[in-house]
Amino acid sequence: MRLIRAELIKLRTTNMWWIFLLCSLAFTGIALLLNAAQADSQLNDSFVTQEPPPGMSDADRAQFEEYQRQEQERIAAAHSGAGLAKIAANVYTSGQFFGLMLVMLMAILLITNEFYHQTATATFLATPKRTKVIVAKLVTASIMGFGFWLLTTVISVIVGMLFFSSEGVGNSLSHWTAQQAILLNLLVYVLWAIFGIGIGVLLRSQLGATITAAVVYTIGTYAALIVLALIHEYLIKEDWVFESAVYIPPLASQHVVGSLASQLGDTDLPPRWAGAVVLIAWAVILGTIGTLITRKRDVA
């Protein structure tokens, strides 16, 4: 507990935590605007009430009416209990993509700062059992991840409830789909904080670790989707190609809260818990490797 308190003091007495927090709030606000706009378009029924434009041919009128019928079915599905819960889950987890990146980067700094400011030697001299130090940092990073999740979730839920009230529909907070997305989002935040500690141990350079992690997380995520699409289009026309996206940590995070399906179309993805299992496996691997490396590496 003394080690954890010491790590929390290191975190609290630097400027980085509130800078990252402000960035997280900004990204959450932007994501809320985008998700609310998307939800509004999914719930909006203005088109289906329109009359066919005058002068349309019989074929065009039939096509217009068929499109209106499809829109009516889509809107009816969106207004159903399951449909509203799915939309609510997306709104209540707003800002996850960049929020996870910020938590990961902050966790990276939590450990690379020791090497950058040359305090690692003093830390390990005060606590020769290095495993305890790494465990304390993992716990501190998890607490930090919980804090970021709590703040962004409270904002997203409050704004989401106001939005759904303005739309005249239920907020779906009592539906398990929305509750599951919120709870799994907490797990994801904590796991990405653990990822950050593992990456910080593997790449001790503060600048190198943060830049590498940010580039791989952002550009690498969409590059992976493009690669999978090319493989599916030209090499292996099997559904498991797209399903394998769940094994990529950032995409697994999106799958956990149900937002990956919209990017992959009609792909029959594994259950959400599969994404959580993948993230836990990655966290265990990185955390174990990081601990073993720290125990043997010369930090003088």
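Modeller: α9 (206-235) gives the most to the lining of the second largest pocket, with six residues. This is a predicted model, where local features need pLDDT of at least 70, side-chain atom pairs count only at pLDDT 80 or more, and totals for chains, interfaces and linings use all residues. Residues are numbered from 1 along each chain as its sequence is written, and side-chain values use heavy atoms, without hydrogens and water.

Biologist: What makes a residue part of the lining of a pocket?

Modeller: It has an atom within 4 Å of a point of the pocket, an open set on a 1 Å grid over the protein atoms alone, with protein on both sides within 12 Å along at least five of seven lines. About 340 Å³ of space lies in this second largest pocket, and of its 17 lining residues, M104, W192, I199, V216 and P249 are the closest to its centre.

Biologist: How do you know that the span of helix α8 agrees with its number of residues?

Modeller: The expected span is 1.5 Å times one less than the number of residues. The 27 residues of α8 (176-202) should therefore span 39 Å, and the end C-alpha atoms are 38 Å apart, which agrees.

Biologist: Why is α8 called mostly covered?

Modeller: Buried means under 20% relative accessible area (1.4 Å probe, protein chains only). By that cut-off 19 of the 27 residues of α8 are buried.

Biologist: What does M144 touch?

Modeller: Contact means heavy atoms within 4.5 Å. Not counting residues up to four places away in sequence, M144 touches L11, V103, M106, A107 and A193.

Note on methods
Helices (H or I, at least four residues) and strands (E, at least two) are DSSP runs, numbered from the N terminus. Buried means under 20% relative accessible area, exposed over 50%, partly exposed in between (1.4 Å probe, protein chains only). On a 1 Å grid over the protein atoms alone, a cavity is a set of points where a 1.4 Å probe fits but cannot get out, and a pocket is an open set with protein on both sides within 12 Å along at least five of seven lines; lining residues have an atom within 4 Å of a point. Grid points are joined across faces, edges and corners, and a volume is the space filled by probe spheres set on the points.
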